[in-house]
Every structure is written in C-alpha cells, then in structure tokens.
Amino acid sequence: MAREVEKKAVFDTDSAKEVVKELRASFVAGKTKSYEWRVAQLKALLKMTEENEPQIAAALRDDLSKPELESYIYEIAMLKNSCRLALKEMKRWIMPEKAKTSLTTFPSSAEIVSEPLGVVLVISAWNYPFLLSLDPVVGAIAAGNAVVLKPSEIAPATASLLAKLVANYLDSSCIKVVEGAVSETSALLEKKWDKIFYTGNGRVARIVMAAAAKHLTPVVLELGGKSPVIVDSGINLQVSIVLILLHVCFLCDLHADILICVFQVATRRIIAGKWGCNNGQACISPDYIITTKDYAPKLLDSFKRELEQFYGKNPLESKDLSRIVNSNHFARLSKLLDEDKVSGKIVHGGERDKNNLKIAPTILLDVPLDSLIMNEEIFGPLLPIIMVDKVEDSFDVINSSGTKPLAAYLFTNKEKLKEKFVATVSAGGLVVNDTTVHLAEHTLPFGGVGDSGMGAYHGKFSFDAFSHKKAVLYRGFACDAFVRYPPYTRRKLRL
Ligand code: NAD
C-alpha cells in the first residue's frame, strides 16, 4: 500500500500528459478566455497573497533566511501590485487595437486582436521564488491562458506553499503547480506547450529552448549575466557642490543627516541593489564596479563606512542579510574567492560561515579580468572593483566581455556620459544613478538581450508575452480591382 502511494507521487511523462490534457480541455472549452474568469482568478491570486503574507515570509525565511522587509517589498508587495495593475488595465489590454489601412485594400478597416496562446508552462528560479513564480502567471491569466507552474526545487518551502495555496485559491482545472526538479521538469518539457516562460541560468535555458524547438513552441527566457556599475569620479565633486549649497540653505548642523544621505547616495544605492537584494543573489544585482584609479579609494572608504552602518561590525550575524541558498552555491562562491590570483585582492569582508551558509559583504579591488570571478555571473555577496584610467574606458571593459548583461548602471552627473552610456552599452535594461529599481516600473519591459535572455514581461508586456497578436482585415465588396485576376495582360502590367 505504502509502495503504491509512493509510486503515485512520482511525476513522469504520463503525469505530464494528464496535466496537459486536462488543461487543454479547459482551454478548448473556452473557460480561460472569458473576461470574468480572468478577473476572478486575478482577484483570487491577490486574496491568496494578502491572506497568507506571514506564511509566505516564513517560507522565504526557511529557503533563504530572507529578511522579512525584503520578502515584503520585493516579493509580496510586487506580486500584489502586478495583480492590481492587471485587474485595473486588463479591459483596455484585451480591447482590439485599431490599425490603419492603405489604398491597396481600400475600402477596408483593420484591427489587431490579442488572443490567448493556449496552455503555457512557467518554470521559475529559487532566488525570488514567490514573485518569479507568480508574476508570469499574472500575465498568463490576464491574457486568458491555462498555466502550469513549475517552481524551483532549490526553494522547497516556497515551492510546496505555492502548490498548496494555488490548489486552494485558484481554478485547478486551468492553473496547476507541479513540484519537482530535473526529472519532473524534463517530463513537462517533452509535452507540447503554446509558450514556455523560463527564469534561470543560461545552461538550462538551452535545454528548455531545444525542447521547445521540437514543437515549435515560442519561449521567453529570463536569464542573468554580469551587470556592471560604472561610477564616475565627477559625482563626488558635483555632490559636494550640492552639499555646500545645502549647508548654506539649511544651516548645516541641524541637517547633518540629510547631508550625509546626499553625499553617500551613490554608495547606498549600490549597496541596496547588491547586498540589499537577497545578499547579491538577484539577477540584476550589481556584479562588478568600474571606476577610475583616482576615485576607487574614495569609493572603497565610502562602502566600508556604509556597510558597517547597515550590517554592523560582524555582518555574518546580521539579520538583514540573506544566507547563501545552499552548500553548492556556497562552494561555488568560495571557489571564486579562493582563486590564487583573486584571494589577495579582498579589501573588505571575506568572512564566511560554512555551517550557516553565510558570506559577509566582500569587496575586491583590482582583480584581473581573466579571473574566474570576472568570467561568470557572481550571484552572491562578492563585489569586484575594476579600475580604469578614464571613465570612458568602462565601455570597452563592458563590451570586450562579448556578452550582453541583464542590466547596466551608471552613476554620473554628466549629460554627455549618460548619452554615451545609452548609445554604447547593450543590456536588458539601463539605469542612470541608481541600481535595480527599473524592475519596479511596470511601464518598462523587463527582460534580457543576447546571453541575458529573450522576450520581456511586467505590466502590459506580461499580457503581450502570453498573447498572439492576430491581424484582422475587414473588406467591403466594392472596388474589386480587376488587375488581380487573369488573364495577366500587358495592359494590366502597365497600370
Ligand atoms: P534554478 O536552479 O532554480 O533553476 C531554474 C529552473 O530550472 C528550476 O525550476 C529547475 O527545476 C529547472 N531546471 C534545473 N535544471 C534543469 C534541467 N537540467 N532540465 C530542466 N529544468 C531544469 O535556478 P538557477 O538557474 O540557479 O537561477 C539562477 C540564474 O537565474 C541566474 O543566472 C540568475 O541571473 C537567473 N535569474 C534571472 C532572472 C530574470 O528575471 N532574468 C530572475 C532570477 C534569476
């Protein structure tokens, strides 16, 4: 009996076939297409999130010891915002879009109709396991699809909570969670899907894309990369000028806190995007810094001061830093730090606690470009600083890597440098004078380019990612151009 139960729990290709069959039947019956169904599911998803915030935060703590505030801001609140936006805008998104027509088809009118793709598969990653699982699902539901979600096995507490909550709150004949690792994902990938939305690393993305190609299934691939931050030395001077003005205007001794914030704003924003995002385990976290030789020591001092203020003298004990997700990733990061040509370059941090999978915020200065740490995505709390003679040389450093990052950041006050940055650096997204916050703007597409991925989502882009844009042309019977029909005479050719 026990053996029978065990057997049933295995998710194989037959189970995948059953799941797809059930969801396709619901889709073909038109269940997911109605506006009312989409609204009901999005409301249920919102309610599910609102009613289970403590459980979600607890699962994220189990999986990553993620600080509660980070769980709330970057996972729970963002998902709720996505649901609310879709509920507010969906009617407009669904409306057919009028298109102009030309003399060729006169008289006619045309429109672009957004139709659901069908049954879609979402495969997500472990680092923001709640948001990255459900945010694409919001787009899939809004666009009228049936969905299978496969969360990451590397965040097991969140994966099993998702399976339980989705089954309890959403329409299980159209939306299902399949838990599992490589074999379960492989079983799912054998089936024909109408779209696969994958978040994770480039190696597995190639497996996903190869499986999708067998069925001509389109894919969205949300991958990673080495996201650089360029810090221009001019920023110090310019901010100092602002400071002097503020001194004069506000009688400095009363406003010391404000002044410190202005002065350190670049450093703080880099820290927030690096260690304040899952201790660097975020796809758009700053991967490395490029600055000028003369500015690097000032920047380093500023990092040291701020890091101590945020995480204390012993950051391994800080409750405000996530741990490394598992021992494999801990070993991977340790290898990057221990490489001979890199280990002597640690200028801040470097402490590790293997038992608790903690690594302190660590800064490395002047690491060689051919080191391991500069040739793979770090995805953790290590931050190399590369030094160049002139800030403009930063563009060559980025472009010489031959890969396109998911994000790139520049801190400067110089308009010309901003223009050159936008014109020269190819990345999924760019931010000037901050890090990671473009993610929160639903009017901007979020996705990679080249090695950092293909396709995009967020806001209406999520709806579009799961819709087919159907071209529809309406003609009248008048003006039936005889030139189209045989016989193809010379006279017709001259017309
Ligand atoms: P992961 O290990 O959780 O893998 C992602 C998914 O792939 C999981 O669901 C997993 O079960 C599945 N998988 C793993 N091996 C597989 C195989 N052989 N066949 C089929 N499926 C398989 O996550 P990860 O890849 O370690 O995630 C980290 C990477 O993801 C980083 O590169 C990061 O930059 C990127 N990422 C990108 C985004 C984004 O939005 N662009 C967000 C988060 C993470």
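Analyst: Two strands are counted as paired if DSSP finds at least two bridges between them. Strands (E, at least two residues) and helices (H or I, at least four residues) are themselves DSSP runs, numbered from the N terminus. The model is a predicted one, in which local features need pLDDT of at least 70 and side-chain atom pairs count only at pLDDT 80 or more, while totals for chains, interfaces and linings use all residues. Residue numbers start from 1 along each chain as its sequence is written.

Strand β8, residues 228–231, runs parallel to β9 and is joined to β9 by four bridges. Within this pair, P228 faces Y288 of β9. In general, the strands of a sheet pair through backbone hydrogen bonds, either parallel or antiparallel.

Both strands belong to an open sheet of seven strands, ordered β10-β13-β14-β9-β8-β15-β16, and the pairing is mixed. At its edges stand β10 (346–348) and β16 (429–432), each of which pairs on one side only. Ignoring direction, neighbouring strands of the sheet are turned by 25° against each other on average. Here an axis is a line fitted to C-alpha atoms, for a helix over the stretch in contact, and angles run from 0 to 180 degrees between N-to-C directions.

Helix α16, residues 393–400, lies across β8, β9, β14 (382–388) and β15 (407–411), and runs at about 125° to β14. Residues are in contact when their C-beta atoms, placed from the backbone, lie within 7 Å.

C283 is located in the loop between α12 (265–274) and β9 (288–292), and E222 is in strand β7, residues 219–222.

A residue counts as buried if 20 or more other C-beta atoms lie within 10 Å of its own, as exposed if 12 or fewer do, and as partly exposed in between, with C-beta atoms placed from the backbone. C283 is buried because 30 other C-beta atoms lie within 10 Å. E222 is buried too, because it has 27 other C-beta atoms within 10 Å. Apart from residues up to four places away in sequence, E222 touches Y198, T199, G447, G448 and G453. With neighbours within four places likewise left aside, C283 is in contact with G224 and L406.

The sheet can now be set against the chain as a whole. The protein chain has 19 helices and 18 strands, and its C-alpha trace spans about 80 × 80 × 45 Å along its principal axes. Of its 495 residues, 42% count as buried. Among contacts with a separation of 6 or more, 69% join residues 24 or more positions apart. The unreviewed UniProt entry places the feature "domain: Aldehyde dehydrogenase" at residues 12–241 and 266–472. Over residues 266–472 the chain is 31% helix and 19% strand, and the end C-alpha atoms are 50 Å apart.

Definitions and conventions
Contact = placed C-beta atoms within 7 Å. UniProt positions renumbered as here; feature names shortened; annotations may be inferred.
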